4 protein chains.
Amino acid sequence: VIIVMQEGATEEQIQEVIDRLVNLNFSVHRSTGVVHTLLGGIGPAETVDPEEFKIMDGVKDCYRIISPYKLASRTFRPQGTVVQAGGAGIGGAAIQVIAGPSHVESREQIFRAAEIVSASGARFLRGSAFQSSGVSSVFPGLGEQGLLWIKEAASQHGLAVVCDVPELANLTLVQKYADMLLLGSANMQNQALLRAAAATGLPIVLKRSVAATLEDLLLSADLLLSQGNYNVALCERGIRTFETNTRFTLDLGAVPGVKRLSHLPILVDPCHGTGRRDMVAPMARAAVAAGADGLLLEVHPTPDRAQVEGAQSLKPEQFAELMGQLRLIAEAAGRTL
Amino acid sequence: VIIVMQEGATEEQIQEVIDRLVNLNFSVHRSTGVVHTLLGGIGPAETVDPEEFKIMDGVKDCYRIISPYKLASRTFRPQGTVVQAGGAGIGGAAIQVIAGPSHVESREQIFRAAEIVSASGARFLRGSAFQSSGVSSVFPGLGEQGLLWIKEAASQHGLAVVCDVPELANLTLVQKYADMLLLGSANMQNQALLRAAAATGLPIVLKRSVAATLEDLLLSADLLLSQGNYNVALCERGIRTFETNTRFTLDLGAVPGVKRLSHLPILVDPCHGTGRRDMVAPMARAAVAAGADGLLLEVHPTPDRAQVEGAQSLKPEQFAELMGQLRLIAEAAGRTL
Amino acid sequence: VIIVMQEGATEEQIQEVIDRLVNLNFSVHRSTGVVHTLLGGIGPAETVDPEEFKIMDGVKDCYRIISPYKLASRTFRPQGTVVQAGGAGIGGAAIQVIAGPSHVESREQIFRAAEIVSASGARFLRGSAFQSSGVSSVFPGLGEQGLLWIKEAASQHGLAVVCDVPELANLTLVQKYADMLLLGSANMQNQALLRAAAATGLPIVLKRSVAATLEDLLLSADLLLSQGNYNVALCERGIRTFETNTRFTLDLGAVPGVKRLSHLPILVDPCHGTGRRDMVAPMARAAVAAGADGLLLEVHPTPDRAQVEGAQSLKPEQFAELMGQLRLIAEAAGRTL
Amino acid sequence: VIIVMQEGATEEQIQEVIDRLVNLNFSVHRSTGVVHTLLGGIGPAETVDPEEFKIMDGVKDCYRIISPYKLASRTFRPQGTVVQAGGAGIGGAAIQVIAGPSHVESREQIFRAAEIVSASGARFLRGSAFQSSGVSSVFPGLGEQGLLWIKEAASQHGLAVVCDVPELANLTLVQKYADMLLLGSANMQNQALLRAAAATGLPIVLKRSVAATLEDLLLSADLLLSQGNYNVALCERGIRTFETNTRFTLDLGAVPGVKRLSHLPILVDPCHGTGRRDMVAPMARAAVAAGADGLLLEVHPTPDRAQVEGAQSLKPEQFAELMGQLRLIAEAAGRTL
């Protein structure tokens, strides 16, 4: 940590900061400048809350030099990570598309969805079997029956299964059927769920919370990695801003941002990020052009009759058309799809 | 719902919207204006997602006339609600202060805290016994031992116990010892926890999420009330904005806002809302002057040695001084403390 | 306007709203529902502030059905507008790139820039001759000398000149030399400047303010159009959010958003939108993939020695490489560049 | 400045940063740590854009130790500033209220307003004579006639005149009649207007922009002070956030925030900050309790017939009642009104 004392800080104030650093097992280097005295502390910086120093008398500012996240930082693995999931790599040259309905609603629906997804060339089938987070969600989900059906449908078409884990209590069932776990925005900072999900050893998609900075997201990823599970892909899905034209503001700057700060692959979910079916295709194309390693897309055989999130689910023909467009964009961006 | 068709919407587009409304069991009233055709639908509006209509061809906008929340709305109980908790009323003339450390750390600490809180005239002692939500929280909490100690400390000073429930798994223990439950921001939309907490019959403090509008907050409150538990107090604790001077931006406009929209009492937590001990007193005074029904305050016998949230915890003498100031402000605002 | 009365609004309150509407020359249609009474008012809605009704006793909500902007709305010209500027069309099949340094700094610099821009195939040269808005801007600009040089440099390479008008006082000079005016974010709501700029008859790029919703932006565009100048292109350049990874958050959702709401072309400025040279290329590609009609790019012969905005200016070789990438993306998106 | 090199930065990268610092006339101190190399640069830090270093290869972060504002910082005048305006002090023990209509609309209206303001004990009369900033403002203002009337009305009641300067072109007239200038949010970063306003020597109220951090606000204040005019009071009036319950979110944390960072007095405008008459009183009381040095209030003899901002203007009787409440809160906060 570096602590900048205010102009005119007293010797007593400086000494108090030094004492505190020493008590926390830091070795202190003092540098007396013309205007500001600086104190550099070398020690267990990750356990220190800079706020604690900022409110001390005579302190102007406090910077933590060391990233609060380590394992997730780009420096840890400069070459980047290719997540292994369902026999495919996420983060390599190939862009991966995870598609399907928000929820498994019936055997017929998920089989039909699997067919649509598979026909487009995508390799991952999504579909939740449990009630979504959020007080306004009403569809309870089909539970284990839903998991059985999605697994069956996926197998029939050679797809991998990606399932949501809205609560810790759902994990045991989900891990029996899923090839990859999806941790939603509402759970980005749910420490208990993160630890348990990482411990399954399954690859994980970690979605950014609508109020999280990239640093917050990477801190959560760090927790997963610290459990020994490095098969983690991040996912941007829109943040809360003052703009009301869309439900959230999709922050595509997060794509090059994560690439710079971290070695983990980054996906984009343009359906939750916009909440409107008619904006999904342009934002999906933009995500790929920005360098995203993959997409989460909602496609439903009959979105108008969907139980959940129909307004943001693509129709089968829209999805097929979009996949064609994405293929061209991917090539233009030097990748494959 | 009212659906406004675009200028120049075709008869076919209008018919499609009408058909959809009818299918959803709405009775439809059509009003053809000079510029826009309006469709009014009377029916099960609460189950309809306005987005579904907004993306239909020819539709300009869709308004849901009925509030998405009902039991929590002011109209439901125009006279306002006084929450009964620990023998005191929250929402009446008396302003209630819930104070204590973020976490129970030791028997001595919580007994000392109880003494400080009681001496100031406050009637509620807070203190968590479990690890906080959030990936950066490290202190695991003392578990049942902590609950035992806070209960004992509170009893000795005639205080009521307010405890955090960071996870559903903690509820069974917490409800054995607490007089009032505290549901944190991270859990504001955790449907399973909300239902279970309401079912205990204990009074509840529901904190606003940092990304929630007042409508979101009232929707969550509605879920608690719909379980038959009307002893619910809301709590503003800061929202995420672009300002970095404080960790969050305390939205005191939520105080008159909630009073207008809802009959439930509204508390303010200036400690989490600012993250800085030196801003707690002015914001606490402001909250009371704005009409808040109470405060959540963190006070610690020795904040510099606190395991959690030390930077935002008041020192005992600061707390005593603040309580004196608040008494004067409360009187000036026509209330008591 | 539609006014929704609260549940239980009194007959007196309803009458007061009706009286007010009538006084404002609205004809009123009353519809008494089971729960809410609705009042529909037909009249001069654009002059009414819905807030005035929202604060009346017994009123629950007030919606203005008519868009506050008209000339800028998609309905006004469903087929879209192709802005004619400098002999090229903005908003047609061809994507236009407006490139050059933030400011004209010397004859050599702007001639070198013109060469770089022209070599890449772009047709518009940008470069300001006046001090930028904002208190931290220090470079005063070269004034008329700068305008002369940029005009000369552009002519030599067959480029059109796009110049910033930071203040009304600069307009007389700028319009002598520029082929297209650039109105910056800080001036998006500067009514006097907007009127005067429109009156020149020159085509205009109108940048979105960092705190403006799309509706705000279209209201400003409406003012330009109402002066009889329809050669207006809009430009997204980042909004203020809580994310601190970049200076602003580039809201690419504004691209399909503007396309849906308006007939005007939409450009994207990924340099101001991110503030970091290393993020310009991915975000520029994303903008084109999302359907943007053009880009504003900062390129400088020697950005490390730039007087203004060096950190967000591309190096010549980066710009050339990006133009190549954009060409591929444009084709993949069914357009040309 | 302090530059933190990335873990594993090469010697070459480090040397390039050192060279750049030296070229900018910094003397460099290098400190090689276990993980990160740190470079401390002493020199003309205020002219350096940290972004320029952040994007250099091998650089992890760059901090500017010196505040970007100096004259406005608390260290410059630890004892605080009492602004002298219209014979009264702003920033001393007495809380000052600046009240009146948004705009002068007629002789009768402003005389009636002056009477109301004076009767309440306030000492400053506000009222604009020119069209407000913002494209949706339609009332053109009465120009010099309005200034004459407000001056006359104020004189009759011994009040000081506070007038808005929406454009540089209005300054010459305004300074002939006003005792204090009001620079609105839209102009917070208008360098030309700030310089000219400061040069009049008149005391100034500088309003925070809806997208400005406190640091941005203090940078603008610094520009005023650097012109030799120290009679500057700041004003919080709401920022843009995701909350739609009010037009803006009044950030009362700015009150203790400014007190900590700066020696300048801080006022609050709860009318623009909320946009709703019914929220003005609670937020005004909260502002005083938080330590604000004064308030800007809109009061109109007949707000329902106001040409501008009627919805947020207090009725005469509401204003009188509020002034009584504020007197009690001020006393409770150890101040007078």
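Student: Why is B:Glu309 called partly exposed?

Tutor: B:Glu309 has a relative accessible area of 23%. Buried means under 20% relative accessible area, exposed over 50%, and partly exposed in between (1.4 Å probe, protein chains only). The value of 23% therefore makes B:Glu309 partly exposed. Please note that this is a predicted model, in which local features need pLDDT of at least 70, side-chain atom pairs count only at pLDDT 80 or more, and totals for chains, interfaces and linings use all residues. Residues are numbered from 1 along each chain as its sequence is written, chains are lettered from A and ligands numbered from 1 in the order in which they are written, and side-chain values use heavy atoms, with hydrogens and water left out.

Student: Where does B:Glu309 lie, and what is its phi?

Tutor: B:Glu309 belongs to the loop between strand E14 (294–298) and helix H11 (316–332) of chain B. Helices (H or I, at least four residues) and strands (E, at least two) are DSSP runs, numbered from the N terminus. The phi of B:Glu309 is positive, about 55°, although the residue is not a glycine. In chain C, C:Glu309 likewise has a positive phi near 55° and a relative accessible area of 23%, so C:Glu309 is partly exposed.

Student: How do you know what relation superposes chain C on chain B?

Tutor: Copies are superposed by least squares on the C-alpha atoms of residues with pLDDT of at least 70 in both. A rotation of 180° with 0.0 Å of shift along its axis places chain C on chain B, with an RMSD of 0.0 Å. That is the relation of a two-fold axis. In chain C, the C-alpha nearest the axis belongs to C:Phe242, at 2.0 Å from it.

Student: What makes the contact of B:Glu52 with B:Arg20 a salt bridge?

Tutor: A salt bridge is a side-chain nitrogen of Lys or Arg within 4 Å of a carboxyl oxygen of Asp or Glu. The closest N and O atoms of B:Glu52 and B:Arg20 are 3.1 Å apart, and the pair forms a salt bridge. B:Glu52 lies in helix H2 (residues 50–54) and B:Arg20 in helix H1 (residues 11–23) of chain B, so the pair ties together parts that are 32 residues apart in sequence. Both B:Glu52 and B:Arg20 are buried.

Student: What is the N to O distance between C:Glu152 and C:Arg107?

Tutor: The distance is 2.4 Å, and the side chains of C:Glu152 and C:Arg107 meet in a salt bridge. C:Glu152 is in helix H4 (residues 144–156) and C:Arg107 in helix H3 (residues 107–119) of chain C, so this pair ties together parts that are 45 residues apart in sequence.

Student: Why does A:Asp57 count as exposed?

Tutor: A:Asp57 has 60% relative accessibility, and therefore counts as exposed. A:Asp57 lies in the loop between helix H2 (50–54) and strand E4 (59–63) of chain A.
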